[in-house]
Amino acid sequence: MARVFITGSADGLGKMAAQLLVEQGHSVVLHGRNDGRGREAMKSIPGAESVVIGDLSSIRETRSVADQVNALGTFDAVIHNAGVGYRQPRRVASEDGLHDEFAVNTLAPYILTALIQKPKRLVYLSSMLHQQGDESLKDLAWKERPWQGQQAYSDTKLHDVLLAFAIARHWPDVLSNAVEPGWVATKMGGAAATDDLDQGHRTQVWLAVSDDPAAKVTGEYFYHMRRRTPNPATREVELQEKLLDACRRFSGVELLR
Ligand SMILES: NC(=O)c1ccc[n+]([C@@H]2O[C@H](COP(=O)([O-])OP(=O)(O)OC[C@H]3O[C@@H](n4cnc5c(N)ncnc54)[C@H](OP(=O)(O)O)[C@@H]3O)[C@@H](O)[C@H]2O)c1
């Protein structure tokens with residue numbers, strides 16, 4: 001039995017992953033953005049161990065999430081699942097002056113990775129759209145450019161792969177991988193999504209807990225339990241380091257490297 005923490009588990013793929021892990025007999029700690037969402041998460045997954053609370057668009061609250069997780073002890077795996085955006089019509093500023101997609105999708109996984117006691121495995125939710133992410137890493141807060149919702153989201157999903165691969169390189173004792181779940185009909189994906197929803201959560205669960213040798217790898221990118229070739233830029237060490245440096249500057253949180 002493994003102990004797994006999943007961000008953004010009140011809905012969508014995070015909730016589905018939590019449900020499957022509980023069904024498989026694992027111990028699962030959920031996460032909701034506020035008390036109400038936390039209660040709803042616990043109600044919808046009765047077998048879950050507990051829930052931690054915090055809005056991941058806020059650096060302060062994300063730090064608190066890490067504290068709450070550490071107070072519960074150590075974990076075998078953390079699934080960085082919470083996400084926002086995809087086609088937001090306007091830039092939504094976070095309380096720290098960033099935009100909420102960067103704050104939730106990029107900076108929060110960085111902060112949580114840095115501050116939560118090292119688990120054995122880390123899984124980062126990316127997207128096929130990371131292939132179109134901006135490799136320059138310029139203007140990460142989207143303060144200098146006219147807003148483009150899909151581009152902003154794609155950028156953050158590129159960041160998630162860079163983060164997964166940077167951690168795989170810096171922490172050889174941890175299995176760190178990225179997942180593309182497919183375009184599936186969750187709140188984020190929308191009703192028009194064409195991929196199989198029932199496959200959307202399985203790869204991250206497999207990477208988090210399976211003893212299958214194919215799941216016990218690090219620094220890889222997966223789609224439906226198979227390796228897929230990520231944007232080649234994600235393999236560039238310099239780019240990975242540039243992202244880590246930017247996240248350190250924005251958050252004030254140092255990652256052990
Ligand atoms: N669905 C797709 O087609 C698709 C495709 C590629 C990648 N992905 C990725 O898969 C992951 C899960 O997406 P999903 O489709 O399951 O989306 P979803 O149904 O919208 O669920 C997202 C989860 O993240 C939580 N969340 C969002 N902003 C938050 C914040 N500021 N603080 C705390 N929690 C927050 C949400 O909380 P609430 O429920 O309270 O809003 C929800 O539990 C994301 O990383 C996404 O980028 C999804």
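**Salt bridges and nonpolar cores in the predicted model**

The side chains of R37 and E40 meet in a salt bridge, with 2.3 Å from N to O; the term stands for a side-chain nitrogen of Lys or Arg within 4 Å of a carboxyl oxygen of Asp or Glu. The structure is a predicted model, in which local features need pLDDT of at least 70 and side-chain atom pairs count only at pLDDT 80 or more, while totals for chains, interfaces and linings use all residues. Residues are numbered from 1 along each chain as its sequence is written, and side-chain values use heavy atoms, with hydrogens and water left out.

Both R37 and E40 belong to helix α2 (residues 35-44), where they sit 3 residues apart, about one turn of the helix. Helices (H or I, at least four residues) and strands (E, at least two) are DSSP runs, numbered from the N terminus. R37 is partly exposed, with a relative accessible area of 22%, and E40 is partly exposed at 43%. On this scale, buried means under 20% relative accessible area, exposed over 50%, and partly exposed in between (1.4 Å probe, protein chains only).

A search of the whole structure returns 22 salt bridges. In one of them, K120 pairs with D76, and the closest N and O atoms are 2.7 Å apart. K120 is in the loop between α4 and β5 and D76 in the loop between α3 and β4 (77-80), so this pair ties together parts that are 44 residues apart in sequence. K120 counts as exposed, at 53% relative accessibility.

Another salt bridge joins D245 and R257, with 2.6 Å between the closest N and O atoms. Here D245 lies in helix α7 and R257 in the segment after α7, 12 residues apart, and the pair links distant parts of the chain. D245 is partly exposed at 25%, as is R257 at 38%. Both residues take part in a network of salt bridges that links R169, E241, D245, R248, E254 and R257.

Turning to the nonpolar residues, the largest core has 45 residues, of which F5, L107 and Y110 touch the most other members. A nonpolar core is a set of buried Ala, Val, Leu, Ile, Met, Phe, Trp, Tyr and Cys residues joined through side-chain atoms within 4.5 Å. Two or more residues each come from α3 (59-71), α4 (100-115), β5 (121-125), α5 (149-170) and α7 (237-251), and α5 gives the most, with 8 residues. Apart from this core lies another, of 26 residues, including L30, A41, L125 and A215.
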